[in-house]
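Student: I have a structure open and I'd like to learn how to read it. Could we go through it feature by feature?

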Amino acid sequence: MAVEYLACGDLMSDLVELADGTVSEKNIGGAAMYALSGMRLWTKNCKLVCKAGADYKDTYGKWLENNGITQSSVNVAAEHCSTFVLRYAPDGSFTPIPVYSYTNVGYLKTHPEDIDKACEGEAVKAIYVVHYTDAVIWRKLAEVKKKYGFKIMWEIEFDRAFRKRENIDCETALESVKRALEIADMWSINHNEASDLFHIPREDDADIIAEIQKLPVELTLYRVGKRGAYVITPREVYFCESIDPLGKSVDPTGCGNTSTGAAMLSYIEGDHPAMVAAKACIAAGFNAAQRGPYPLYTENIMSSACKLADKYFAKIIAEHQS
């Protein structure tokens, strides 16, 4: 069966350093890997598009094999996968510190040409891509989008550390975001990023949502940390609280990426925005239950997730109408 959904971006193994100084063992991760995991909870028709280090085979490769996902668009291009120490602050934000330097990260970046090649022979409905707002990258993405007719879910790569390093003021950043959203169909942003982007305290959900609804995009996944996430269209807003399907939360790393991959698939499959929110938060809950992505999506797990989504969809609708 042809692949319908692509997770395009970086592999980034990580060591999590919590605010209390505790450091975890190395875990597989990265935006595209987590987004792929969020898709895989709901479908088998997805694949990873990335450049990788040769050391991916014993870690990422095993996860892909166990979960029945092709490795045809994983291109080994360096000795090591990018690896970061994720240094968390008390507010839930984190600073990524590279183990193999930013040169390694840049070399392994996924570009439109990689996505073009990955689409050949497939029936791609939508792609998840995490990238900056570079105009040339987005012009090329637009060309690939037109060629294959898919939609784009963009997770913004815009953290406070990047903005300070590049000396980009918020007004300039907002204009570049709007330019990218003329090409992307959906996007995902968290409350720390939105606060920076709009000059609004992250606690002011209503004001931030009002600004988001002015943007030229079909759907926004607005993630608000431990509280959950909003799904926002130009006319509607639905909120879903955080969900722990397995009754525990161990590590939030990658939950934003995971929920974004799930939201993209749900929206493209025609789900109501409230269901998009439910599936996004359920996928994030599976991801948070351990360090790294959920290890194995069985038929039973997928079936139970669908039943849970129906439950939370009804709950969100009821709360929305009250």
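**Reading the model together**

Tutor: Let's begin with a pair of helices: helix 8 and helix 9 are roughly perpendicular to each other, a label for angles of 65 to 115 degrees (under 35 is roughly parallel, over 145 roughly antiparallel, and the rest oblique). Keep in mind that this is a predicted model, where local features need pLDDT of at least 70, side-chain atom pairs count only at pLDDT 80 or more, and totals for chains, interfaces and linings use all residues. Residues are numbered from 1 along each chain as its sequence is written, and side-chain values use heavy atoms, with hydrogens and water left out.

Student: At what angle do the axes of helix 8 and helix 9 cross?

Tutor: An axis here is a line fitted to C-alpha atoms, for helices over the stretch in contact, and angles run from 0 to 180 degrees between N-to-C directions. The axes of helix 8 (residues 191–198) and helix 9 (residues 205–212) cross at roughly 70° and come within 11 Å. Helices (H or I, at least four residues) and strands (E, at least two) are DSSP runs, numbered from the N terminus.

Student: Which residues make the contact?

Tutor: Contact means heavy atoms within 4.5 Å. Helix 8 brings A194, S195 and F198, while helix 9 brings I208, E211 and I212.

Student: Okay, sheets next. What holds the strands of a sheet together?

Tutor: Strands pair through backbone hydrogen bonds, either parallel or antiparallel. For two strands to count as paired, DSSP must find at least two bridges between them. In your structure, there's an open sheet of three strands in the order 2-5-6, with mixed pairing. Strand 2 (12–17) and strand 6 (94–98) are at the edges with a single partner strand each, so one side of each has no neighbour in the sheet. On average, neighbouring strands of this sheet are turned by 30° against each other, direction ignored.

Student: In which sense do strand 2 and strand 5 pair?

Tutor: Strand 2 and strand 5 (residues 82–88) pair in the parallel sense, over six bridges. To find one on screen, look for V16, whose bridge partner in strand 5 is L86.

Student: How many salt bridges does a search of the whole structure find?

Tutor: A salt bridge is a side-chain nitrogen of Lys or Arg within 4 Å of a carboxyl oxygen of Asp or Glu. The search finds 22 of them. One joins the side chains of E122 and K47, at 3.2 Å from N to O. E122 is in the loop between helix 4 (112–119) and strand 7 (126–131), and K47 is in strand 3 (residues 46–53), so this pair ties together parts 75 residues apart in sequence.

Student: Is K47 buried or exposed?

Tutor: Buried means under 20% relative accessible area, exposed over 50%, and partly exposed in between (1.4 Å probe, protein chains only). K47 is buried, at 3%, whereas E122 is partly exposed, at 25%.

Student: Where does R223 lie?

Tutor: R223 lies in strand 10 and is buried, with a relative accessible area of 11%. Setting aside neighbours within four places in sequence, R223 has contacts that include E155, S188 and H191.
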